[in-house]
Amino acid sequence: MTATLSQRLLETDLASGDFCIGEAKGCWKLAQPVTEQAWPAVFTFISAAERPNCPVEFLVRWDLDQYGSQSPSGAFWDAESNSFLAIPKWPKGKPGSVVEAVFKTVGWAAPGQGFYHPYDRKAMHNHVKWPAAHPQYMWTKENVLPDFISLVHRYLNSDDYLGC
Amino acid sequence: MSEALELFLHSTGNRPQTIVAAVTETLRSVLTRLECLPGAGEHVFVGEAIIALEDPDAAEDHHQPVDIELTILELDLPHHRHIHTRAVHRVPVKVTYNGQHHERRFSPAATVGTVLAWAKKRFKIDAAAGANLVLELEPEKTFPTANQHLGELLQHGRHDLRFKLVAEVTPQG
């Protein structure tokens, strides 16, 4: 799939009700326009529940290479340093919770560079048994980026989200 | 053209669409242009129904269909934003948890997030203890997102929804 086709697919999904409804509710928004220069990187802000000394939104960089034929990969991003958010600044979850598991920054192949969830292709790497064992959590051809954004928004607004 | 608004159009079995309408247009005119007028026995609602959170013990939502001869402005769509067309009048919903269940007849304009919050109230689950609970749609075994409206989840020919309230456990290791 060419970058142009992937980009067009994404632009359609960003104009869809799924994305625009969340945007209208203040749950998320594009951080900057989607451009060919930045592709396959796309940046969104995702709002988070208020926690002491923590931002009320996080910048997420989505790697959408081959969007439409493979799943995205996302990670928290630092706009100032133009790099992945430093691991100590990543959101934390209650011990044993899904929030902690998805935002974990140790013990896997891409700590601090992806979300540890089957939607994220970096997390899927080397997990060949996940699709059969956990079909309900897999990214399918029916899924669109707003589904993944919605998931991250839910975790950042969960009572299991402790702050950063 | 008078002031135009971005609105969200929901219909049975489909993902929502973003549409643009003039505030002086009637809803009938908008739905005609989009070829989605309701048929016999179908209804049009506006807004999102959160009545279940205010009155969780009632048997059904009291959310009435609108008159599509009214204009976008008269229907307060600049505030409500959502239009649900070709909708059923109510969506019977059953949520099962720990071998017990609760039922309610929801407006098709209620969201999955509202059903989840309602279910936690009915099962008396406090926020902290229930933070990892999600609604699993039966028999599909999928997890609809909080912003999805119940009407969208009804595939053609299906008139009710069944959910299981389950702890989300993403794969590890």
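This is a predicted model: local features need pLDDT of at least 70, side-chain atom pairs count only at pLDDT 80 or more; totals for chains, interfaces and linings use all residues.

Guide: Residues are numbered from 1 along each chain as its sequence is written, chains are lettered from A and ligands numbered from 1 in the order in which they are written, and side-chain values use heavy atoms, with hydrogens and water left out.

Visitor: How do you know that chain A and chain B are in contact?

Guide: Contact requires heavy atoms within 4.5 Å. On that criterion 34 residues of chain A are in contact with 25 residues of chain B.

Visitor: What is the area buried between chain A and chain B?

Guide: Buried area is the accessible area (1.4 Å probe) that two parts lose on being put together, summed over both. For chain A and chain B the figure is about 2,300 Å², and carbon and sulfur atoms give 51% of this area.

Visitor: Which elements give two or more residues to the side of chain A that touches chain B?

Guide: They are helix H2 (17–24), helix H3 (98–102) and helix H6 (145–156) of chain A. H2(A) gives the most, with six residues. Helices (H or I, at least four residues) and strands (E, at least two) are DSSP runs, numbered from the N terminus. This side of chain A divides into 15 nonpolar, 10 polar and nine charged residues, where Ala, Val, Leu, Ile, Met, Phe, Trp, Tyr, Cys and Pro count as nonpolar, Asp, Glu, Lys and Arg as charged, and the others, Gly among them, as polar.

Visitor: What makes a space a cavity and not a pocket?

Guide: On a 1 Å grid over the protein atoms alone, a cavity is a set of points where a 1.4 Å probe fits but cannot get out, whereas a pocket is an open set with protein on both sides within 12 Å along at least five of seven lines; lining residues have an atom within 4 Å of a point. Grid points are joined across faces, edges and corners, and a volume is the space filled by probe spheres set on the points. The whole structure holds two cavities of 30 Å³ or more.

Visitor: Which residues lie nearest the centre of the largest cavity?

Guide: Asp18(A), Ser150(A), Thr145(B), Asn147(B) and Gln148(B) do so, among 13 lining residues. The volume of the largest cavity is about 100 Å³.

Visitor: What lines the second largest cavity?

Guide: Its lining includes His10(B), His84(B) and Glu152(B), and about 50 Å³ of space lies within. S4(B) supplies the largest share, three residues. By class the lining has two nonpolar, seven polar and one charged.

Visitor: Where is the peptide bond from Trp39(A) to Pro40(A), cis or trans?

Guide: That bond is cis, with omega near 10°, and Pro40(A) is in the loop between strand S1 (28–30) and strand S2 (41–47) of chain A. A cis peptide bond also joins Glu138(B) and Pro139(B), where omega is about 0°. Most residues other than glycine have a negative phi, and most peptide bonds are trans. Gln66(A), although not a glycine, has a positive phi of about 60°.

Visitor: Why is the pair Asp160(A) and Lys94(A) a salt bridge?

Guide: Their side chains meet at 3.8 Å, N to O, which is within the 4 Å limit, so the term applies. The pair links distant parts of the chain, 66 residues apart.
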